[in-house]
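Hello,

Here is the structure I promised to pass on to you. Please have a look at it first, and my notes follow below.

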Amino acid sequence: KIIEMEKKKTGKLFSFCCAVPVIIKNKSMKEIKFFENIGLNIGLLFQIADDLIDFKGSSKKAGKKTGKDKKKGKATLINLLGYSDAIKYCDKIIIDINKNLKKYGSNSKNIEKTLNYILNRDKWKIIINF
């Protein structure tokens, strides 16, 4: 349930962004669904990374108020899996996305850079070094 909730947050936005080019190119419904799922997983990755920042980052370093999720008693994957397992889950998401996009060869390099940015943006580096 938590994963579905996380996907509905940011996942829908990323899903739309990944599906639109395929729709414009008049590709099959199967390919559209494929890219919608890629987008959902990118959104999930982004949301978990954001939750990790909220969980461990300082407000000053993160550039926003942190600790809000815990204070509100908000259900997150970090609460369910624990901090280190949530990071491992992020790694699995990245591996799965890259594996699924492998058939597109060098055309998928930009998405790999995007995934790495999501996990290595300045805010993320702050919480990894705690």
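About 8,200 Å² of accessible surface belongs to the protein chain in this predicted model, with carbon and sulfur atoms holding 56% of that area (Shrake-Rupley method, 1.4 Å probe; for residues, only the protein chains shown count as cover). The chain has 130 residues, and 38% of them count as buried (under 20% relative accessible area, with a 1.4 Å probe and protein chains only).

As for the fold, the chain contains eight helices and zero strands (DSSP runs numbered from the N terminus: H or I of at least four residues for helices, E of at least two for strands). Of the contacts between residues at least 6 apart in sequence, 71% link residues at least 24 apart (contact means heavy atoms within 4.5 Å).

The largest pocket has a volume of about 450 Å³. A pocket here is an open set of points on a 1 Å grid over the protein atoms alone, where a 1.4 Å probe fits, with protein on both sides within 12 Å along at least five of seven lines; lining residues have an atom within 4 Å of a point. The volume is the space filled by probe spheres set on the points, which are joined across faces, edges and corners.

Seventeen residues line this pocket, and Cys18, Pro21, Val22, Phe35 and Asn107 lie nearest its centre. Two or more lining residues come from each of α1 (2-24), α2 (29-56) and α7 (109-120), with α1 giving the largest share, five residues.

Two notes on reading this: residues are numbered from 1 along each chain as its sequence is written. Because the model is predicted, local features need pLDDT of at least 70 and side-chain atom pairs count only at pLDDT 80 or more, while totals for chains, interfaces and linings use all residues, and side-chain values use heavy atoms, leaving out hydrogens and water.

Best wishes

Note on methods: Buried < 20%, exposed > 50% of the residue type's maximum accessible area, 1.4 Å probe, protein only.
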